[in-house]
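Please read them with the structure open beside you.

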Amino acid sequence: MKKQIFESIHNELKKKPNILITTHRSPDGDAMGSSLALYQVLKAQGYKVSLVVPNSYPKFLHWLPNNNDVLEFEGNEERANTLIDTSSMIFCLDFNDLQRTDMMCESLQRSKATFVMIDHHQDPSDFADIMFSVPGISSTAQLIYEFIEEMGWNNLMTVGIAQCIYTGLVTDTGSFRFSSVDARTHEITAKLIELGLEQANIHQKLFDNNKESRLKLLGYCLSEKLEVLSEYQTAVMSLSQKELDQFNFIKGDTEGFVNYALSIDGVIFTAFFVQNENKVKISFRSVNNFRANLLSKKHFNGGGHINAAGGVHMGTLDEAIDKFKAILPDYKVELTGNK
Ligand code: 5GP
Ligand code: MN
């Protein structure tokens, strides 16, 4: 089965396609790391490749090798559409449904290219012609490493590619602590380090570059906006537009905030609501078997992984939080084992 996937990719590549790589809206470390790793290895193989992402991504990822080659669709629609329209093979990384590309979705739907999905989210939809989808694996970056190995391209692995793959691994696993980490995740990491990767340096670039205002926003959020609903072993946090403005919020500043509430003893589920104009973006995190993705899919038009999911509410912040609190009783047994 797996062999067939790579054979199909080999066959497509033999046609010397114009390749486009893309990922989900508001790309994270795994999205950018795996896209840039694949970009570099395909370039090294001599292919014509471009990398177009739906919109902007946090500054702490801008140091990644070949970052300057990334084109943001939003704001560069004409150039991006020309690239999409002239591509005959499109790699879709770190998402399981074309809708996740949001502003790019229509252009991708129009394309006649061969679509290859490389992803680790549950319940992939069937938009891709070739699917390398392994739900449950730590990250798309881990799958990109497997892809490179399966294609017999190990000799093309550089420190730059290793840095990208490591970024995906470390950001999608909460620094190697989620249950999605397996022996292979560590084995791959060991190989990257053997290659010359300086992992401490990458941690520093990713996590120790806070602005003072971001750290103060986190402090404010934890001290003023954290609510523990012990009856449901759940914690809630939220930030309004006004509060974000007060701390000179820029994109990426609230990344990771949702995880703090999960570290409270007894809390197994957290929701973090952030207002964004007339909608509210919600991040969910859970531990053990509580399926955050199902709750998000059912009530907040979202999805994701069992323990890390996201969704949206069209409306005000208060409405979104009220709605969330109103549905919690339906999940009480799952959350606490008690009726
Ligand atoms: P985050 O909370 O970091 O934004 O997202 C956590 C996970 O949930 C990610 O793996 C992402 O793929 C997924 N996710 C976030 N927002 C959405 C959404 O609006 N729809 C879907 N289907 N998944 C989402
Ligand atoms: Mn991912």
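1. In this predicted model, helix 6 (residues 159–172) and helix 7 cross at roughly 150°, and their axes come within 10 Å. That angle makes helix 6 roughly antiparallel to helix 7, since angles over 145 degrees count as such. The crossing of the two is left-handed.

2. Which residues make this contact? From helix 6 they are Ala162, Ile165, Tyr166 and Leu169, and from helix 7 they are Thr185, Ile188, Thr189 and Leu192. Sorted by class, the contact of helix 6 with helix 7 has six nonpolar residues, two polar ones and no charged ones.

3. Helix 7 (residues 183–194) also packs against helix 5 (residues 140–150), at an angle of about 65° and with the axes 11 Å apart. Helix 5 and helix 7 are therefore roughly perpendicular to each other, because that class covers angles of 65 to 115 degrees. The crossing of helix 5 and helix 7 is left-handed.

4. On the helix 5 side, the residues that meet helix 7 are Gln142, Tyr145, Glu146 and Glu149. Their partners in helix 7 are Arg184, Thr185, Ile188, Lys191 and Leu192. How many residues of each class does the contact of helix 5 with helix 7 have? There are three nonpolar, two polar and four charged residues.

5. Helix 6 passes helix 8 in a right-handed crossing.

6. By class, the contact of helix 6 with helix 8 divides into five nonpolar and five polar residues, with no charged ones.

7. Now to the ligand. There are 13 residues around ligand 1, and the ones that come nearest are Arg100, His121, Lys281, Ser283 and Arg285.

8. Where do polar atoms of the protein lie relative to ligand 1? A polar side-chain atom of His121 is 2.9 Å from an oxygen atom of ligand 1. In the side chain of Lys281, an N or O atom is 3.1 Å from a nitrogen atom of the ligand. Gly303 uses its backbone: one of its backbone N or O atoms lies 3.2 Å from a nitrogen atom of ligand 1.

Technical notes. Residues are numbered from 1 along each chain as its sequence is written. Chains are lettered from A and ligands numbered from 1 in the order in which they are written. This is a predicted model: local features need pLDDT of at least 70, side-chain atom pairs count only at pLDDT 80 or more; totals for chains, interfaces and linings use all residues. Side-chain values use heavy atoms; hydrogens and water are left out. Axes are lines fitted to C-alpha atoms, for helices over the stretch in contact, and angles run from 0 to 180 degrees between N-to-C directions. Helices (H or I, at least four residues) and strands (E, at least two) are DSSP runs, numbered from the N terminus. Angles under 35 degrees count as roughly parallel, over 145 as roughly antiparallel, 65 to 115 as roughly perpendicular and the rest as oblique. A crossing is left-handed if the near helix is turned anticlockwise from the far one by less than a right angle, and right-handed if clockwise. Contact means heavy atoms within 4.5 Å. Ala, Val, Leu, Ile, Met, Phe, Trp, Tyr, Cys and Pro count as nonpolar, Asp, Glu, Lys and Arg as charged, and the others, Gly among them, as polar. A residue is near a molecule or strand if one of its heavy atoms lies within 4 Å of it. A polar contact is a pair of N or O atoms within 3.5 Å; within protein, one must be able to donate a hydrogen and the other to accept it, and residues adjacent in sequence count only if both atoms are side-chain atoms.
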